[in-house]
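Here are a few exercises to work through with the model open. Grab your viewer and try each one before reading its solution.

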Amino acid sequence: MFVSFFPRPKLFFLSAIVWTALAMLVWHGLASNLFEAPQRSVGLATFTSAPALWFDLYFAACSAIFAAGWMLVAPHPWARWSILGSALILFTSYFQVQVSVAINSWYGPFYDLVQAALSKSAQVTVQQFYSELSTFAGIALVAVVVGVMTRFFVSHYIFRWRTAMNDFYVASWPRLRAIEGASQRVQEDTMRFASTMEGLGVNLISALLTLLAFLPVLVRLSSNITELPLIGSIPYPLVFAAVIWSVLGTGVLALIGIRLPRIEFFNQRVEAAYRKELVLGEDDPARADPPGLSMLFGDIRRNYFRLYLNFMYFNVGRIVYLQTDTIFPYVLLAPTIIAGKITLGAMNQILNAFAQVRTSFQYLINSWSTIVELISIYQRLRGFESKLQGEPPPSIETETEPLSSG
């Protein structure tokens, strides 16, 4: 799965983490101080200021040095896509987080302008109003262009990864063909693994970058909040509330959905067995007889019903949590709003920053269904690789699914 696309995967990913940490230390300790940061840029200035452009250049230089080192030490046919392509996806994820930061900065002056116009507390002209809207339009245009180009590139990235896995497995097809569901694993699972892994990876990176970008914003905005309901006055109350609420929800839902990966693995197994019998029946009249197909489809029915039941438990907890999550920040802000200690603009900035931080911490909650699917696919492809490496198959390959009908 990884050897086919990345050079020496274990060492590669370890070195990527170390290099990233080193680059961040150099940036925060030295490089970022070469340009004086502007005072809370709003609009397109967020992306075109000297510090922003300097960071873009610094990121490109670090990525090029890392890629050149690996291409010299461990040449790999897919290195340009796996190393430089991954770096580009990482950068676009960072850039899209900066778009969110720019929009959050725009919230303050815009909603304060709206409040002033509605309350008649200050003279607001139509030109001022449309000027703020045009600022948002500029940010949105950048977001659209970058988002569309990113998705186009990512589509090609996924297909290259699938191609690498396909070539790797096809080269060893004589040794793999006897494994249950071999054709499905090569044709379908490679595609699903690449696309699912990329999606989860990008979302994880985006969640981490969003957390790094918005935690300082939330710390700054916490100065407007004096106390929390039931808790009272504590340092950085919004950060404290976001962390506790998100970690609690993630832990509970992960516990509820702990059985789902195993059931999904069995689901793929029984689907593969049914499909294989149908394919064999196309050329052999002795195969795919009604009683045999009925038994195989019964296995599918039993496993799907079990999957539906477990997803029902999970979705009850997930939906209740996410619905409560909608009003949770308003509950936190209730004493401050009632006391009139913040403006409409500041409130919207707080709500948006709080939502960004909560969403980052809730990565597992929002991705659990996809993670379940990825674990299942990984286990199936791992069975392939154990055969190639002469290792015993994973224990789940020899397990039988429960017989309860659900």
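**Exercise 1.** Is isoleucine 256 buried, partly exposed or exposed?

*Solution.* Keep in mind that this is a predicted model. Start by placing the residue: isoleucine 256 lies in helix H8. Next, look at the relative accessible area, which is 32% for isoleucine 256. Buried means under 20% and exposed means over 50%. Isoleucine 256 is therefore partly exposed, at 32%.

**Exercise 2.** Find the nonpolar surface patch that includes Ile256, and work out which elements build it.

*Solution.* First, list the members: Leu248, Val252, Ile256, Leu309, Met312, Tyr313, Val316 and Val320. Together they have about 700 Å² of accessible area. Then sort them by element: helix H8 (237-256) and helix H10 (290-338) each give two or more residues. H10 supplies the largest share, with 5 residues.

**Exercise 3.** Compare the span of helix H9 with the expected one, then pick out some of its buried residues.

*Solution.* H9 covers residues 260-283, which makes 24 residues. From first C-alpha to last, H9 reaches 36 Å, close to the 34 Å expected at 1.5 Å a residue. The buried residues of H9 include Leu260, Phe265, Phe266 and Val270, and also Glu264, Arg269 and Glu277.

Notes. Residues numbered from 1 in each chain as written. Predicted model: local features only at pLDDT ≥ 70, side-chain atom pairs only at ≥ 80, totals over all residues. Heavy atoms only, no water. Patch = residues over 30% accessible without salt bridge, like charges linked within 9 Å, V, L, I, M, F, W, Y side chains within 5 Å. Areas by Shrake-Rupley, 256 points an atom, 1.4 Å probe, with all protein chains shown as cover. Salt bridge = Lys/Arg side-chain N within 4 Å of Asp/Glu carboxyl O. Helix = DSSP H or I, 4+ residues; strand = E, 2+ residues; numbered from the N terminus. Buried < 20%, exposed > 50% of the residue type's maximum accessible area, 1.4 Å probe, protein only. Expected span 1.5 Å × (residues − 1).
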